[in-house]
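The following note sets out points on strand pairing, helix packing and aromatic contacts. Please read it alongside the model.

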Amino acid sequence: MSNKLHIVSLGCTKNLVDTEVMMGKLQNFTLTDAQDEADVIIVNTCGFIDAAKEESINTVLSLHDARKEDSVLVMAGCLSERYKEELATQMPEVDIFTGVGDYDHIDELLQEKKSRFSEEVFLIDGSERVVTGSTYHAYIKLSEGCNQTCSFCAIPSFKGKLNSRNLDSIAKEVEGLVAKGYYDFSFVSQDSSSYMRDQNVKDGLSLLIQRIELIEGVKSARILYLYPSTTTISLLKNIAKSKIFHNYFDMPIQHINDEMLHMMKRGFGKEKTMELLNFMRSLPNSFVRTSFIVGHPNETDEMFEEMCEFASSFGFDRINVFSYSDEETTPAYDMNNKISDEVIASRAQILGDIASECTKKSLQNEVGKDIELIIDGESDEHEYLLSARKTIWAPEIDGEIYVNDRTKDEDLEFGKIYKAKVTDLVGNILTATVDNA
C-alpha cells in the first residue's frame, strides 16, 4: 500500500483523540500537509449542528477536488455515523465511509477498501495514539455517549448511551504518556461529571482525581465539560483539594431562565445552577467557563435579556455563544414558536459582544499578578515574542500570553513551566515577563 497520509480532524477535542487513535494505527504512513500528494485522505467529521455539518461536507468535497488519481478518500466520525444511509448515496466522491466505532480498525478498512459501521462503542482502551499539537499536553477521553436528554442535542441519537472507561484503562494511558514526557492533561467527555454513573458509581470523577494524583510525573490537569445536574459541591471540593487538578470549571449551562432551562431539559433550574456557579467562583484561583445557546424555540425577549444580564454580571472568565440549530431527532425540532434566523443572529451578536467583554475583564484582572505559565513556542506576532499560556488554561481555547522579556540568562525552553509576572494587556493578549529562578 502507498504510504502518504493527509488527515483532518474537525469538531471537538474528543474527535481529536479519535483522530490520534487513527494516526496511531497508521504509523507506517508518512504524514503530509499536501492533499494532492496523499495516497490516503481521512476526514474525521463533526455532525453536531448545521455549521459543523456544512464544514465537514465542504472539507470532504474540497479535498476530493484537490486529490490525486488513485488516492483513497475516507469520511469518518460523527457526521458519517449520523447520516450513513444518506451520505453513501449522495457523496460518490468518498471511497470509504466509517462512523464512531472503528477508529482502531482504520488500517483494516484501508486494506480491505470497504466501509464499515460497527455497533460496538469504541472506548480507546489499549489503543496507541499519536498525540498532536503538543510535546507536553494531551487530552484523555473518559467516556463515550451521553445519558442526558437535552432538547437541542442529537448526540445521544448517534453516539448512544453513556459508556465509561474503567479507571485502570485511563491510568494506564496517562502513565504511558508520562513516560513519553507528557505532564499536563485535560480530561474530556460529553458529560464528564457523569463519569462511571453507568457503572453505578455516583462520584467517579472524585475517584479519577485520587487515581491520577498517584501517578508520578503528572504536574497539571483539568476537567472539561461538567454537567449541572451531575456536578456536586462534594466534587467541586475534591477538585479544590487536589494538588494537581486546577480549579478549572467548564460547565456549559446553556441558559439561566428557569422556564427555558426546563424546556431545554437541563435537569436543574436556575437556583441550583447558581449555587454551583457561586461555589466555583468562591474557590481560590478559580477559572469559570460556560456556554449559552440563543434562539431556542420559545425563547422570549425577556428570557434572552435575563440571560444577557446574568452573563454580563456573574464574572465568567470565558463564554461560548452558540446559535440554536434545528436538529432532527431532538425534542426541540418538534416544538412550536421557532425563532427566526434573523433574530437568532441578532441575539448571538449581542451575547457575543458581552462574552468578549467578559474575556477582556478576566484578562485585565491578570495584569500585575504572579502566575505560572508554559512556553509553547515562537509567537505568530514577532520572532522575539514567545507564545505561552497560564497552566490553568485549556490549550488553544482560553488564549495565549506573549512573553516579551525575561531576567534569566539562559534561553527559555519550550514546553516548560515558568513563574512569571503579567505586565500588560494588549488587545486580547496578555504580556508577561519570566521571573528569575
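1. Strand S14 (residues 370-378) pairs with strand S17 (residues 417-426) in the antiparallel sense, over five bridges. Two strands are taken to pair if DSSP finds at least two bridges between them. Within this pairing, Glu 372 stands opposite Lys 419 in S17. S14 is also joined by five bridges to strand S15 (residues 386-390), again running antiparallel, and there Glu 378 stands opposite Leu 386 in S15.

2. On conventions, this is a predicted model, in which local features need pLDDT of at least 70 and side-chain atom pairs count only at pLDDT 80 or more, while totals for chains, interfaces and linings use all residues. Residues are numbered from 1 along each chain as its sequence is written, and side-chain values use heavy atoms, with hydrogens and water left out. Helices (H or I, at least four residues) and strands (E, at least two) are DSSP runs, numbered from the N terminus.

3. Five strands form an open sheet with parallel pairing, in the order S2-S1-S3-S4-S5. Strand S2 (30-31) and strand S5 (96-97) stand at the edges with a single partner strand each, so one side of each has no neighbour in the sheet. Inside this sheet, strand S1 (residues 4-9) and strand S3 (residues 40-45) pair in the parallel sense over five bridges, with Ile 7 opposite Ile 42 in S3. Helix H2 (residues 50-66) lies across S1, S3 and strand S4 (72-77), and runs at about 170 degrees to S3. Angles run from 0 to 180 degrees between N-to-C directions, and axes are lines fitted to C-alpha atoms, for helices over the stretch in contact.

4. An open sheet of six strands, with parallel pairing, has the order S6-S9-S10-S11-S12-S13. Its edges are strand S6 (137-141) and strand S13 (318-323), each with a single partner strand, so one side of each is left without a neighbour in the sheet. Neighbouring strands of this sheet are turned by 20 degrees against each other on average, direction ignored. S6 pairs with strand S9 (residues 184-188) in the parallel sense over five bridges, and Ala 138 stands opposite Phe 185 in S9.

5. Helix H11 (residues 270-282) and helix H12 (residues 301-314) pack at an angle of about 15 degrees, with their axes 13 Å apart. H11 and H12 are therefore roughly parallel to each other, a term that applies to angles under 35 degrees. The contact (heavy atoms within 4.5 Å) is made by Lys 270, Met 274, Leu 277, Asn 278 and Arg 281 of H11 and by Glu 306, Phe 310 and Phe 314 of H12.

6. The structure holds eight aromatic pairs, where rings of Phe, Tyr and Trp (its six-membered ring) pair if their centres lie within 6.5 Å. One of them is formed by Phe 292 and Phe 316, at 6.1 Å centre to centre with 85 degrees between the planes. This pair is edge-to-face, the term for planes over 60 degrees apart. It links distant parts of the chain, 24 residues apart: Phe 292 is in strand S12, and Phe 316 is in the loop between H12 and S13.

Technical notes. Parallel < 35°, antiparallel > 145°, perpendicular 65-115°, else oblique. Phe/Tyr/Trp six-rings, centres within 6.5 Å; stacked < 30°, edge-to-face > 60°.
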